[in-house]
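Open the model in a viewer and keep the selection tool at hand.

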Amino acid sequence: MQATATHGSAMATMDVRNLVNGRFTERQGAALDVIDPAAQVRVGSCPDSTAREVAEAVDAAHRASTAWARTPVADRAAALRRLADRIEADLDLFARTEAIDTGKPIALARTVDMPRAISNFRFFADLAEEAGGPLAPHALHGAGFTSAIARRPLGVAACIAPWNLPLYLLTWKLAPALAAGCTVVGKPSEVTPLTAHLLAERALDCGFPAGALNIVHGRGPVAGQALVTDPRVACITFTGGTATGEAIARAAAPRFVRMALELGGKNAAIVLADACTPDRIGATADGLMRALFSNQGQVCHCAERVLVERSGMDALVEALSSRIAALRIGDPLDESTQFGSLISASHRGKVESAIAAARAEGAQVICGGTRPDAASLPERVRAGAFLRPTLMTGLPAGCRTDQEEIFGPVATIAPFDTDNEAIARANSTRFGLSATVWSCDCTRAARIADALVCGTVWINGWMARDLRAPIGGVRASGLGREGGSEALHFFAEPHVVVTPDAG
Ligand code: TXE
């Protein structure tokens, strides 16, 4: 593990406000502190919105919904493109703010989070406008009558986002909702509200009528709960923890509200022996490092369980260990940092408890498992929520560690002898979000991929995303799919008019 140099001062504190009906509102309730997890300093405040403030935002969205639904799709798309341009123009500010708010390396925010937020808007602007595309009216002929199918925007969409990819995931929901003609009440995570506020500031002059795009901040059990139980909310799209997803589903079920839930995972990486030969091991280990530890392991698609064909085990352990040792852990604001802080000290506590539980189940820690030496870190971030990337082995199939999502830089590695054993173990949790398979035997890799019970399988890679492809999970990993036409269809209700053919 190498430590990177000290970075200069961070930023002035930010006073986050709710965006309601086209303007920023005065706080009615208390404020929540926003903490830079790497420096452990307060970098802003955000409203701890009350149910009444949420109701005002929903009211604004509800009043704006008919006009926004009737706004020509070309005009809606133009507003989305303007907003994308505004993020792009201020990309450095957005990236730096995201790094401060989350503890993620600024290079990651600049090259992944922000470009993706921009392309979310541009992608859905283009898709909504596409002639013959997912929103285009069309007719089915035959049997003596014609069925004319139109897709009508549902109304008010509640878009609830988590803290790990704050702007990336918030815009992944806002963009299709607005493109499809829904008005929106967005609720960013109270842990990471800053880039949503930057977005709200820029949305003011992009051509969204008052009330089309509202953003309320606050705690999940208060503001989030008020949003998902408001009778004027027509649909809910949520990304976050499985327990929260269940609470939202229960709260919204009595109204039969349309829901998309993108929840946790316990994703397996299946590595075949041919991916561990001397000429292949470097590429395999590089790819796996991304799958295991990107964003400090705080991505729902990160792999937490590596299953490796027995003859490749030693080579893979060695290749991963040397890469973990070389990873530059440091100040998220330093451009050369590869691995930053966890989202908070309390989340680090949860992850450390999971490591302790694994040890109690018999795990041997191959590397990591502890905090980096404070002295190895730049002064600005010595008190930060850092934890070394951790690889453990020696756990039996079915152990608790391999059943529960950790959502941090912690993975287990275990050998397997047959493909069926690997498949059974990969499928043996209550989750089903994604998986990866590493091999140059395309037929064998495809056969394994086909047998995995999850939404997405990446072969020899991780998180390669064509935004037209549906993404989401099965079982406890969620309900519904985001991406491409699935997302636009989610926000619109088909309406069919059947007419007899003349003659
Ligand atoms: O997220 P929550 P938390 C997992 C990860 C993590 C766990 C908990 O395992 O340890 O979830 O994280 C809002 N009604 N993931 O507690 O609670 C909340 O305000 C309505 C997986 O930070 O799921 C925030 O905006 N909304 C993950 C959002 O839900 C509610 C990403 C997510 O918060 C609410 C993050 C309620 N009752 C964590 N309670 C992924 N799948 O990518 C909370 N919220």
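This is a predicted model: local features need pLDDT of at least 70, side-chain atom pairs count only at pLDDT 80 or more; totals for chains, interfaces and linings use all residues.

Residues are numbered from 1 along each chain as its sequence is written, and side-chain values use heavy atoms, with hydrogens and water left out.

Select Trp163, Gly240, Gly241, Thr244 and Lys350: of the 42 residues lining the largest pocket, these lie nearest its centre. A pocket here is an open set of points on a 1 Å grid over the protein atoms alone, where a 1.4 Å probe fits, with protein on both sides within 12 Å along at least five of seven lines; lining residues have an atom within 4 Å of a point. The volume is about 1100 Å³, taken as the space filled by probe spheres set on the points.

Next, colour helix 7 (220-229), strand 12 (233-239), helix 8 (242-252) and helix 11 (345-360), each of which supplies at least two lining residues. Helices (H or I, at least four residues) and strands (E, at least two) are DSSP runs. The lining of this pocket holds 19 nonpolar, 15 polar and eight charged residues, with Gly counted as polar.

Move to the second largest pocket, with a volume of about 570 Å³. Select Leu108, Arg290, Ser294, Asn295 and Trp462, the closest to its centre among 24 lining residues. Helix 4 (106-129) and helix 9 (281-293) each give two or more residues to this lining; helix 4 has the largest share, six residues.
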